[in-house]
Amino acid sequence: MLSAYCKLEIFVPESHLEAVRAALLSVDAGHIGAYDGCLSYAPVTSCWRPLPGTSPYLGRVGELCTSPELKVEVTCRTDDLSRTISAVKKVHPYEEPVINAIPLLATGLGE
């Protein structure tokens with residue numbers, strides 16, 4: 001059985017938080033009961049190494065990069081997952097943004 005809701009984890013540079021927040025709001029992600037625009041974010045440190053053929057937003061090809069980012073967490077309906085991810089990708093600066101979709105067994109939303 002497919003869960004009705006999932007949680008997205010989106011890793012983004014702080015400079016793009018507002019664009020991601022607006023994109024999520026535009027597709028109604030983070031709608032919880034009588035509230036919308038609900039999300040959480042916290043600072044994290046991420047690392048990656050751009051491989052040949054990439055055009056990294058941060059870092060240099062072949063070198064390990066470490067940078068502060070924000071981890072944004074938001075709940076969305078599973079039925080809306082594709083359009084939610086598409087909306088985030090349109091405003092995210094990375095070639096390969098990390099967007100994890102995690103099915104939720106329960107949310108407290110009464111569904």
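Reader: How do you know that glutamate 9 lies in a strand?
Author: Glutamate 9 falls in strand S1, which spans residues 5–12. Strands here are DSSP runs of E with at least two residues, helices are runs of H or I with at least four, and both are numbered from the N terminus. The model is predicted: local features need pLDDT of at least 70, side-chain atom pairs count only at pLDDT 80 or more, and totals for chains, interfaces and linings use all residues. Residues are numbered from 1 along each chain as its sequence is written, and side-chain values use heavy atoms, with hydrogens and water left out.

Reader: Why is glutamate 9 called buried?
Author: Its relative accessible area is 16%. Buried means under 20%, exposed over 50%, and partly exposed in between, with a 1.4 Å probe and protein chains only. Glutamate 9 is therefore buried.

Reader: Which residues are in contact with glutamate 9, leaving aside neighbours within four places in sequence?
Author: They are Lys71, Val72, Glu73, Val98, Ile99, Asn100 and Ile102. Contact means heavy atoms within 4.5 Å.

Reader: What share of contacts in the chain between residues at least 6 apart in sequence joins residues at least 24 apart?
Author: That share is 72%.

Reader: How many helices and strands does the chain have, and in what order do they run?
Author: There are 2 helices and 4 strands, arranged β-α-β-β-α-β from the N terminus on.

Reader: What percentage of the residues of the chain count as buried?
Author: Of the 111 residues, 32% do.
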